[in-house]
Amino acid sequence: MTDVTDMQIWSSLPVPAILIDENERIADLNPAAEGFLNNSAKWLTGQPIWDRLAVDAPLEESLARAREHGTPLFVNDVDVGTGSRAPLVCNLQIAPVMGKPGWMVMLISPRELAGRMTQSHSVKSAAKSAIGMAEMLAHEIKNPLAGITGAAQLLSMGLPKEDLEFTDLIVAETRRIVKLLEQVEQFGNLSPPERREVNIHDVLDRARRSAALGFGAHMKIIEDYDPSLPMALGDPDQLLQVVLNLIKNASEAADPIRGGTIRLHTYYEHSFRLRRADGSGQTLPLQIEVIDDGPGLPDAIKGDIFDPFVSGRENGTGLGLALVSKIISDHDGWISVDSVPGRTVFRISLPRSTGETPEQS
(Lines give C-alpha, C1' and ligand atoms only; values in the text may rest on other atoms or scores of the structure.)
Protein backbone atom coordinates (compact mmCIF):
# COMPACT_ATOMS: atom_id res chain seq x y z
CA MET A 1 0.00 0.00 0.00
CA THR A 2 1.43 3.33 -1.04
CA ASP A 3 1.59 6.36 1.26
CA VAL A 4 1.00 8.82 -1.57
CA THR A 5 -2.23 10.77 -1.01
CA ASP A 6 -4.77 11.88 -3.59
CA MET A 7 -3.74 15.49 -2.94
CA GLN A 8 -0.09 14.71 -3.67
CA ILE A 9 -1.04 13.06 -6.95
CA TRP A 10 -3.32 15.99 -7.83
CA SER A 11 -0.57 18.53 -7.13
CA SER A 12 2.03 16.50 -9.06
CA LEU A 13 0.11 16.31 -12.34
CA PRO A 14 2.33 17.94 -15.01
CA VAL A 15 -0.61 19.35 -17.00
CA PRO A 16 -3.33 21.80 -15.94
CA ALA A 17 -6.24 19.94 -14.30
CA ILE A 18 -9.56 21.58 -13.37
CA LEU A 19 -12.40 20.05 -11.35
CA ILE A 20 -15.82 21.26 -12.59
CA ASP A 21 -19.00 20.83 -10.52
CA GLU A 22 -22.48 20.09 -11.79
CA ASN A 23 -23.18 23.83 -12.20
CA GLU A 24 -20.23 24.40 -14.54
CA ARG A 25 -18.22 26.13 -11.80
CA ILE A 26 -14.59 25.57 -10.83
CA ALA A 27 -14.50 23.33 -7.75
CA ASP A 28 -10.72 22.91 -7.60
CA LEU A 29 -7.59 23.12 -9.74
CA ASN A 30 -4.01 21.93 -9.46
CA PRO A 31 -0.88 24.17 -9.38
CA ALA A 32 -0.28 23.68 -13.11
CA ALA A 33 -3.79 25.00 -13.81
CA GLU A 34 -3.16 27.99 -11.52
CA GLY A 35 -0.17 28.86 -13.68
CA PHE A 36 -2.11 28.28 -16.91
CA LEU A 37 -4.95 30.56 -15.77
CA ASN A 38 -2.50 32.97 -14.11
CA ASN A 39 -4.54 33.10 -10.88
CA SER A 40 -4.72 31.31 -7.56
CA ALA A 41 -7.05 28.42 -6.77
CA LYS A 42 -8.52 30.44 -3.90
CA TRP A 43 -9.59 33.24 -6.24
CA LEU A 44 -10.81 30.97 -9.08
CA THR A 45 -12.79 28.45 -7.02
CA GLY A 46 -16.52 28.98 -7.48
CA GLN A 47 -16.24 30.96 -10.70
CA PRO A 48 -17.97 29.78 -13.89
CA ILE A 49 -15.45 27.76 -15.86
CA TRP A 50 -16.35 29.31 -19.21
CA ASP A 51 -15.83 32.80 -17.80
CA ARG A 52 -12.18 31.93 -17.16
CA LEU A 53 -11.52 29.61 -20.09
CA ALA A 54 -12.28 30.25 -23.78
CA VAL A 55 -12.28 27.19 -26.05
CA ASP A 56 -12.57 27.68 -29.80
CA ALA A 57 -14.92 24.72 -30.27
CA PRO A 58 -18.64 24.01 -29.65
CA LEU A 59 -18.34 22.01 -26.41
CA GLU A 60 -21.69 22.59 -24.72
CA GLU A 61 -23.68 19.73 -26.31
CA SER A 62 -20.80 17.24 -26.24
CA LEU A 63 -20.03 18.06 -22.61
CA ALA A 64 -23.69 17.76 -21.66
CA ARG A 65 -23.88 14.28 -23.25
CA ALA A 66 -20.66 13.18 -21.57
CA ARG A 67 -22.01 14.36 -18.20
CA GLU A 68 -25.38 12.68 -18.73
CA HIS A 69 -23.95 9.33 -19.81
CA GLY A 70 -20.86 9.37 -17.57
CA THR A 71 -18.45 9.01 -20.50
CA PRO A 72 -15.14 10.74 -21.23
CA LEU A 73 -14.76 13.44 -23.88
CA PHE A 74 -11.60 14.07 -25.95
CA VAL A 75 -11.11 17.28 -27.95
CA ASN A 76 -7.89 17.71 -29.95
CA ASP A 77 -6.18 20.70 -31.56
CA VAL A 78 -8.36 23.53 -30.25
CA ASP A 79 -7.37 27.06 -29.29
CA VAL A 80 -7.66 27.58 -25.53
CA GLY A 81 -7.38 31.11 -24.14
CA THR A 82 -7.55 32.61 -20.67
CA GLY A 83 -7.97 36.31 -21.48
CA SER A 84 -4.52 37.20 -20.15
CA ARG A 85 -2.47 35.90 -23.11
CA ALA A 86 -2.72 34.59 -26.64
CA PRO A 87 -4.61 31.28 -27.06
CA LEU A 88 -2.60 28.06 -27.15
CA VAL A 89 -3.34 25.01 -29.29
CA CYS A 90 -4.29 22.29 -26.78
CA ASN A 91 -5.74 18.82 -26.42
CA LEU A 92 -8.56 18.52 -23.86
CA GLN A 93 -9.48 15.39 -21.92
CA ILE A 94 -12.69 15.59 -19.89
CA ALA A 95 -13.93 12.71 -17.73
CA PRO A 96 -16.63 12.14 -15.08
CA VAL A 97 -15.62 12.04 -11.42
CA MET A 98 -16.48 8.79 -9.65
CA GLY A 99 -18.90 9.28 -6.76
CA LYS A 100 -19.72 12.89 -7.74
CA PRO A 101 -22.73 12.94 -10.12
CA GLY A 102 -22.42 15.74 -12.68
CA TRP A 103 -18.82 16.57 -11.74
CA MET A 104 -16.12 16.46 -14.42
CA VAL A 105 -12.34 16.74 -14.44
CA MET A 106 -10.65 18.51 -17.34
CA LEU A 107 -7.00 17.98 -18.32
CA ILE A 108 -5.44 20.59 -20.63
CA SER A 109 -2.38 19.57 -22.66
CA PRO A 110 -0.82 22.54 -24.50
CA ARG A 111 0.78 21.31 -27.71
CA GLU A 112 3.01 24.39 -27.97
CA LEU A 113 5.11 23.33 -24.98
CA ALA A 114 5.99 20.01 -26.59
CA GLY A 115 6.86 21.80 -29.82
CA ARG A 116 9.13 24.21 -28.01
CA MET A 117 10.88 21.33 -26.22
CA THR A 118 11.67 19.69 -29.55
CA GLN A 119 12.85 23.01 -30.96
CA SER A 120 15.60 23.45 -28.36
CA HIS A 121 17.82 20.75 -29.78
CA SER A 122 17.30 21.81 -33.39
CA VAL A 123 18.12 25.45 -32.60
CA LYS A 124 21.44 24.58 -30.99
CA SER A 125 22.33 22.11 -33.75
CA ALA A 126 21.51 24.66 -36.43
CA ALA A 127 23.63 27.28 -34.67
CA LYS A 128 26.62 24.92 -34.49
CA SER A 129 26.30 24.10 -38.18
CA ALA A 130 26.09 27.77 -39.08
CA ILE A 131 29.19 28.59 -37.01
CA GLY A 132 31.27 25.96 -38.80
CA MET A 133 29.97 27.09 -42.16
CA ALA A 134 30.78 30.72 -41.33
CA GLU A 135 34.42 29.92 -40.62
CA MET A 136 34.78 28.03 -43.89
CA LEU A 137 32.96 30.59 -46.06
CA ALA A 138 34.78 33.58 -44.59
CA HIS A 139 38.19 32.07 -45.29
CA GLU A 140 37.49 30.49 -48.67
CA ILE A 141 35.26 33.05 -50.37
CA LYS A 142 35.73 36.59 -49.02
CA ASN A 143 39.34 37.01 -50.20
CA PRO A 144 38.66 35.89 -53.80
CA LEU A 145 35.59 38.14 -53.90
CA ALA A 146 37.73 41.14 -52.99
CA GLY A 147 39.97 40.31 -55.92
CA ILE A 148 37.01 40.02 -58.29
CA THR A 149 35.65 43.39 -57.13
CA GLY A 150 39.02 45.08 -57.62
CA ALA A 151 39.48 43.55 -61.06
CA ALA A 152 36.02 44.68 -62.19
CA GLN A 153 36.68 48.22 -61.00
CA LEU A 154 40.01 48.34 -62.88
CA LEU A 155 38.36 46.93 -66.00
CA SER A 156 35.64 49.58 -65.89
CA MET A 157 38.24 52.35 -66.28
CA GLY A 158 38.90 51.38 -69.90
CA LEU A 159 35.35 50.63 -70.99
CA PRO A 160 32.93 52.90 -72.83
CA LYS A 161 29.98 54.18 -70.80
CA GLU A 162 27.46 51.84 -72.47
CA ASP A 163 29.42 48.78 -71.22
CA LEU A 164 29.84 49.92 -67.61
CA GLU A 165 26.59 48.29 -66.52
CA PHE A 166 28.27 44.88 -66.74
CA THR A 167 31.18 45.76 -64.46
CA ASP A 168 28.82 47.63 -62.15
CA LEU A 169 26.74 44.45 -61.91
CA ILE A 170 29.85 42.42 -60.99
CA VAL A 171 30.82 44.91 -58.28
CA ALA A 172 27.26 45.13 -56.87
CA GLU A 173 26.78 41.36 -56.75
CA THR A 174 30.15 40.65 -55.15
CA ARG A 175 29.48 43.28 -52.50
CA ARG A 176 26.09 41.67 -51.83
CA ILE A 177 27.74 38.29 -51.32
CA VAL A 178 30.35 39.82 -48.99
CA LYS A 179 27.55 41.37 -46.94
CA LEU A 180 25.85 37.96 -46.73
CA LEU A 181 29.07 36.35 -45.53
CA GLU A 182 29.51 39.04 -42.90
CA GLN A 183 26.05 38.19 -41.57
CA VAL A 184 26.96 34.51 -41.46
CA GLU A 185 30.14 35.37 -39.56
CA GLN A 186 28.09 36.84 -36.73
CA PHE A 187 27.35 33.30 -35.56
CA GLY A 188 31.02 32.63 -34.97
CA ASN A 189 31.86 36.08 -33.67
CA LEU A 190 28.98 36.41 -31.21
CA SER A 191 30.47 36.21 -27.72
CA PRO A 192 28.70 34.37 -24.89
CA PRO A 193 26.10 36.58 -23.20
CA GLU A 194 27.29 38.60 -20.21
CA ARG A 195 24.23 37.88 -18.11
CA ARG A 196 23.20 40.15 -15.30
CA GLU A 197 20.08 41.76 -13.89
CA VAL A 198 18.21 43.58 -16.65
CA ASN A 199 14.87 45.35 -16.79
CA ILE A 200 13.31 43.84 -19.90
CA HIS A 201 11.06 46.88 -20.31
CA ASP A 202 14.14 49.09 -20.68
CA VAL A 203 15.30 46.81 -23.50
CA LEU A 204 11.88 46.97 -25.18
CA ASP A 205 11.75 50.76 -24.88
CA ARG A 206 15.19 51.13 -26.48
CA ALA A 207 14.12 48.87 -29.34
CA ARG A 208 10.82 50.73 -29.79
CA ARG A 209 12.50 54.15 -29.95
CA SER A 210 15.14 52.93 -32.38
CA ALA A 211 12.55 51.30 -34.65
CA ALA A 212 10.26 54.36 -34.61
CA LEU A 213 13.10 56.54 -35.93
CA GLY A 214 14.07 54.12 -38.71
CA PHE A 215 12.71 50.95 -40.25
CA GLY A 216 9.51 50.99 -38.15
CA ALA A 217 8.51 54.62 -38.78
CA HIS A 218 5.44 53.48 -40.73
CA MET A 219 4.30 51.16 -37.91
CA LYS A 220 2.19 51.79 -34.81
CA ILE A 221 4.04 50.23 -31.87
CA ILE A 222 1.93 49.57 -28.75
CA GLU A 223 3.31 48.88 -25.28
CA ASP A 224 1.38 46.29 -23.28
CA TYR A 225 3.60 45.67 -20.25
CA ASP A 226 3.10 43.93 -16.94
CA PRO A 227 4.48 46.59 -14.56
CA SER A 228 5.11 44.01 -11.83
CA LEU A 229 7.47 41.95 -13.98
CA PRO A 230 10.68 41.18 -12.03
CA MET A 231 14.19 41.63 -13.37
CA ALA A 232 15.38 39.22 -16.05
CA LEU A 233 18.73 37.46 -16.25
CA GLY A 234 20.36 38.31 -19.55
CA ASP A 235 22.70 40.36 -21.69
CA PRO A 236 20.87 43.65 -22.42
CA ASP A 237 22.74 44.33 -25.67
CA GLN A 238 22.10 40.88 -27.10
CA LEU A 239 18.44 40.94 -26.01
CA LEU A 240 18.12 44.36 -27.69
CA GLN A 241 19.47 42.80 -30.87
CA VAL A 242 16.80 40.07 -30.63
CA VAL A 243 13.89 42.48 -30.15
CA LEU A 244 15.11 44.84 -32.87
CA ASN A 245 15.31 41.92 -35.30
CA LEU A 246 11.76 40.79 -34.52
CA ILE A 247 10.37 44.34 -34.86
CA LYS A 248 12.29 44.80 -38.12
CA ASN A 249 10.84 41.57 -39.54
CA ALA A 250 7.32 42.66 -38.62
CA SER A 251 7.89 46.11 -40.13
CA GLU A 252 9.21 44.69 -43.40
CA ALA A 253 6.28 42.26 -43.66
CA ALA A 254 3.73 45.08 -43.34
CA ASP A 255 2.40 47.19 -46.19
CA PRO A 256 4.99 49.95 -46.78
CA ILE A 257 2.25 52.56 -47.28
CA ARG A 258 -0.51 51.62 -44.84
CA GLY A 259 1.89 50.19 -42.26
CA GLY A 260 0.54 48.07 -39.44
CA THR A 261 0.52 47.51 -35.70
CA ILE A 262 3.13 45.86 -33.50
CA ARG A 263 2.29 45.09 -29.88
CA LEU A 264 5.05 44.50 -27.32
CA HIS A 265 3.49 42.37 -24.59
CA THR A 266 5.06 41.11 -21.36
CA TYR A 267 3.61 38.86 -18.66
CA TYR A 268 4.64 36.39 -15.96
CA GLU A 269 4.01 32.64 -16.24
CA HIS A 270 5.41 30.96 -13.15
CA SER A 271 4.45 27.44 -14.26
CA PHE A 272 6.58 27.32 -17.41
CA ARG A 273 9.66 25.20 -16.83
CA LEU A 274 12.34 24.00 -19.22
CA ARG A 275 13.41 20.40 -18.79
CA ARG A 276 16.58 19.41 -20.62
CA ALA A 277 17.56 16.04 -22.02
CA ASP A 278 19.89 15.39 -19.06
CA GLY A 279 16.99 15.70 -16.62
CA SER A 280 17.93 19.12 -15.25
CA GLY A 281 15.38 21.90 -15.32
CA GLN A 282 14.93 25.65 -15.08
CA THR A 283 11.93 27.93 -14.76
CA LEU A 284 11.43 30.51 -17.50
CA PRO A 285 8.65 32.70 -16.13
CA LEU A 286 9.33 35.98 -17.98
CA GLN A 287 7.38 36.11 -21.23
CA ILE A 288 7.92 38.64 -24.03
CA GLU A 289 5.68 38.68 -27.09
CA VAL A 290 6.18 40.65 -30.30
CA ILE A 291 2.79 40.58 -32.01
CA ASP A 292 2.01 42.00 -35.46
CA ASP A 293 -1.05 42.10 -37.71
CA GLY A 294 0.82 41.38 -40.94
CA PRO A 295 0.23 38.66 -43.52
CA GLY A 296 1.76 35.88 -41.39
CA LEU A 297 4.44 33.33 -42.19
CA PRO A 298 4.17 31.15 -45.30
CA ASP A 299 2.95 27.66 -44.39
CA ALA A 300 5.91 26.06 -46.17
CA ILE A 301 8.49 27.53 -43.76
CA LYS A 302 6.61 27.80 -40.45
CA GLY A 303 8.31 24.75 -39.00
CA ASP A 304 11.81 25.79 -40.10
CA ILE A 305 11.72 29.56 -39.63
CA PHE A 306 14.57 29.52 -37.08
CA ASP A 307 16.91 27.50 -39.30
CA PRO A 308 19.71 29.30 -41.19
CA PHE A 309 18.89 30.42 -44.76
CA VAL A 310 15.13 29.96 -44.34
CA SER A 311 13.33 33.21 -45.20
CA GLY A 312 9.82 34.29 -46.10
CA ARG A 313 11.02 37.37 -48.02
CA GLU A 314 12.09 37.30 -51.64
CA ASN A 315 15.48 38.89 -50.95
CA GLY A 316 15.87 37.73 -47.38
CA THR A 317 19.01 35.93 -46.22
CA GLY A 318 17.29 33.77 -43.62
CA LEU A 319 19.95 34.58 -41.03
CA GLY A 320 18.19 37.06 -38.75
CA LEU A 321 15.89 34.61 -36.99
CA ALA A 322 18.61 31.96 -36.84
CA LEU A 323 20.78 34.46 -34.97
CA VAL A 324 17.84 35.34 -32.71
CA SER A 325 17.40 31.65 -31.87
CA LYS A 326 21.09 31.27 -31.07
CA ILE A 327 21.06 34.26 -28.71
CA ILE A 328 17.97 33.03 -26.84
CA SER A 329 19.38 29.51 -26.68
CA ASP A 330 22.63 30.90 -25.22
CA HIS A 331 20.47 32.60 -22.56
CA ASP A 332 18.97 29.19 -21.68
CA GLY A 333 15.64 30.55 -22.88
CA TRP A 334 13.00 29.61 -25.44
CA ILE A 335 11.59 31.26 -28.52
CA SER A 336 8.55 30.12 -30.46
CA VAL A 337 6.24 31.49 -33.12
CA ASP A 338 2.51 31.17 -33.74
CA SER A 339 1.41 32.66 -37.04
CA VAL A 340 -1.83 32.98 -38.99
CA PRO A 341 -2.75 35.69 -41.51
CA GLY A 342 -3.40 38.86 -39.53
CA ARG A 343 -1.63 37.74 -36.36
CA THR A 344 1.95 36.58 -35.83
CA VAL A 345 3.29 36.12 -32.29
CA PHE A 346 6.97 35.60 -31.51
CA ARG A 347 7.19 34.56 -27.85
CA ILE A 348 10.42 34.64 -25.82
CA SER A 349 10.67 32.92 -22.41
CA LEU A 350 13.54 33.97 -20.14
CA PRO A 351 14.75 33.17 -16.61
CA ARG A 352 14.28 35.75 -13.87
CA SER A 353 17.21 37.16 -11.97
CA THR A 354 18.02 35.81 -8.53
CA GLY A 355 20.33 38.71 -7.72
CA GLU A 356 23.42 36.67 -8.63
CA THR A 357 25.31 36.23 -11.89
CA PRO A 358 25.57 32.65 -13.23
CA GLU A 359 29.22 32.61 -12.15
CA GLN A 360 28.33 33.62 -8.57
CA SER A 361 25.55 31.09 -8.27
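Predicted model: local features only at pLDDT ≥ 70, side-chain atom pairs only at ≥ 80, totals over all residues.
Q: What percentage of the residues of the chain count as buried?
A: The chain is built with ten helices and 15 strands. Take contacts with a separation of 6 or more: residues 24 or more positions apart account for 64% of them. As for burial, the chain has 361 residues, and the share that counts as buried is 41%.

Q: Is H9 roughly parallel or roughly antiparallel to H10?
A: Helix H9 (residues 236-253) packs with helix H10 (residues 320-330), their axes 10 Å apart and at an angle of about 150 degrees. The cut-off for this label is an angle over 145 degrees. So H9 runs, relative to H10, roughly antiparallel.

Q: How many nonpolar residues are in the contact of H9 with H10?
A: On the H9 side, the residues include Leu-239, Val-242 and Leu-246, and on the H10 side Leu-321, Val-324 and Ile-327 are among them. By class, this contact has no charged residues and five polar ones, and its nonpolar count is eight.

Q: How many charged residues does the contact of H8 with H9 have?
A: Arg-206 and Arg-208 are among the H8 residues here, and Asp-237 is one of those in H9 that they and their neighbours meet. Sorted by class, the contact has eleven nonpolar residues and one polar residue, and the charged ones number three.

Q: Is the crossing of H9 and H10 left-handed or right-handed?
A: Look at the other pair for contrast: H8 passes H9 in a right-handed crossing. The crossing of H9 and H10 is left-handed.

Q: Is Asp-77 buried or partly exposed?
A: Asp-77 sits in strand S4 (residues 73-81). Its phi is near 55 degrees, a positive value in a residue other than glycine. Buried would take under 20% relative accessible area. Asp-77 has 48% relative accessibility, so it counts as partly exposed.

Q: Where is the place of Asp-332?
A: Asp-332 is not a glycine, yet it has a positive phi of about 60 degrees. With a relative accessible area of 22%, Asp-332 is partly exposed. Its place is in the loop between H10 and strand S14 (334-340).

Notes: Residues numbered from 1 in each chain as written. Heavy atoms only, no water. Axes fitted to C-alpha atoms, helices over the stretch in contact; angles between N-to-C directions. Helix = DSSP H or I, 4+ residues; strand = E, 2+ residues; numbered from the N terminus. Parallel < 35°, antiparallel > 145°, perpendicular 65-115°, else oblique. Left-handed = near helix turned anticlockwise from the far one by under 90°. Contact = heavy atoms within 4.5 Å. Nonpolar A, V, L, I, M, F, W, Y, C, P; charged D, E, K, R; others polar. Buried < 20%, exposed > 50% of the residue type's maximum accessible area, 1.4 Å probe, protein only.
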